Amino acid sequence: MSSLNSLFNRATIGTRCKTCLNLAISRIKLLRNRRQAQLDGMRKEIFQYLRTSQESVARIRVEHIIREQNILAAYDVLELFCEFVLARVPILESKKECPVELQEAIASIIYASSRCSDLPELTSIRNLFGTKYGKEFVTSALELRPDSCVNRTVIEKLSVKAPSAESKLSILKSIAEEHGLEWDSSATEAQFNKKYEDLLDGSESSQNKPLPLSSPKEDRTVRSPVQAKQTSQTASSSVPPNQSMVHSTEGEKLPASRDPSDVLKRAHEAIALADSACNAARLAVSLANVKLSVNTS
């Protein structure tokens with residue numbers, strides 16, 4: 001009974017595989033004609049942009065042309081693989097493991113199924129092969145493992161990385177030659193040869209600009225009269241005689257030195273003097289309390 005069920009399941013998988021492969025081949029042909037018409041229209045638009053000196057727009061739109069050409073090239077390879085597997089479905093039904101001569105075609109179809117959303121039949125084919133050969137076989141092709149045997153052309157044409165500057169310039173030149181346009185590509189070549197750092201205009205100059213001195217009005221710290229007096233005395237005594245002075249908005253003189261170490265040193269000295277002033281004030285208050293207690297007694 002189990003042998004009859006296995007034979008029935010194998011026959012069902014073979015029939016469904018043939019149906020999905022035929023549907024995939026028909027859809028690929030339909031989509032190829034449609035995309036080819038769209039590609040021709042896009043090339044005419046690029047020609048109009050080049051003719052009217054709108055090269056900045058043409059440099060952007062040419063990436064869509066390259067992407068469409070890559071998809072059409074991938075369709076050609078996938079169609080051949082589908083026809084190849086379709087002709088050998090009886091071999092697939094008779095063997096439990098995937099034949100060596102069919103591994104590249106089947107792995108490429110599985111890989112493309114997750115990247116060609118307009119070919120849903122490839123997903124059905126992937127599920128059938130996953131049922132027959134196991135989940136690990138499908139995962140190996142989807143993740144491009146070393147033993148996946150996916151066709152390199154399919155991987156390259158279905159890649160989502162941005163096209164190179166050389167390929168974009170070559171397409172623009174071919175469009176201009178196709179329509180007999182004498183196009184000067186020097187500006188576009190210079191734009192393509194620019195590095196990423198060159199496009200960040202003024203970034204370094206803005207970083208190297210000196211920071212403006214903060215106004216004394218922005219200082220919100222509340223200080224005691226003793227601490228303010230000691231701080232001003234320390235700052236005035238620590239400034240060298242030959243050092244230039246900068247006048248603030250309130251008429252006070254501030255040192256023009258911008259060395260962070262000097263500022264930090266002066267801040268520490270001011271804090272130390274403020275602490276000594278606070279200690280002296282506490283001592284004076286304690287002495288006054290003692291005198292007051294003696295007089296009252």
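A residue is called buried when its relative accessible area is under 20%, exposed when it is over 50%, and partly exposed in between (1.4 Å probe, protein chains only). This is a predicted model, in which local features need pLDDT of at least 70, side-chain atom pairs count only at pLDDT 80 or more, and totals for linings use all residues. Residues are numbered from 1 along each chain as its sequence is written, and side-chain values use heavy atoms, without hydrogens and water.

Select Thr 188 to begin. Thr 188 sits in helix α9, residues 186–192 (helices are DSSP runs of H or I, at least four residues, numbered from the N terminus). Thr 188 counts as buried because its relative accessibility is 0%. Next, display Glu 55: its side chain forms a polar contact (N or O atoms within 3.5 Å, one able to donate a hydrogen and the other to accept it) with the side chain of Thr 188 at 2.8 Å. Beyond four places in sequence, Thr 188 is also in contact (heavy atoms within 4.5 Å) with residues including Arg 59, Leu 169 and Trp 183.

Move to Thr 153, in helix α7. Thr 153 counts as partly exposed because its relative accessibility is 35%.

Finally, select Arg 67, Asn 70, Glu 156, Lys 157 and Ser 159, which lie nearest the centre of the second largest pocket, among its 23 lining residues. Two or more lining residues come from each of α2 (55–87), α7 (152–157) and α8 (165–178). Helix α2 gives the most, with 7 residues.

Key. 1 Å grid on protein atoms, 1.4 Å probe; cavity = no way out; pocket = protein on both sides within 12 Å on 5 of 7 lines; lining within 4 Å.
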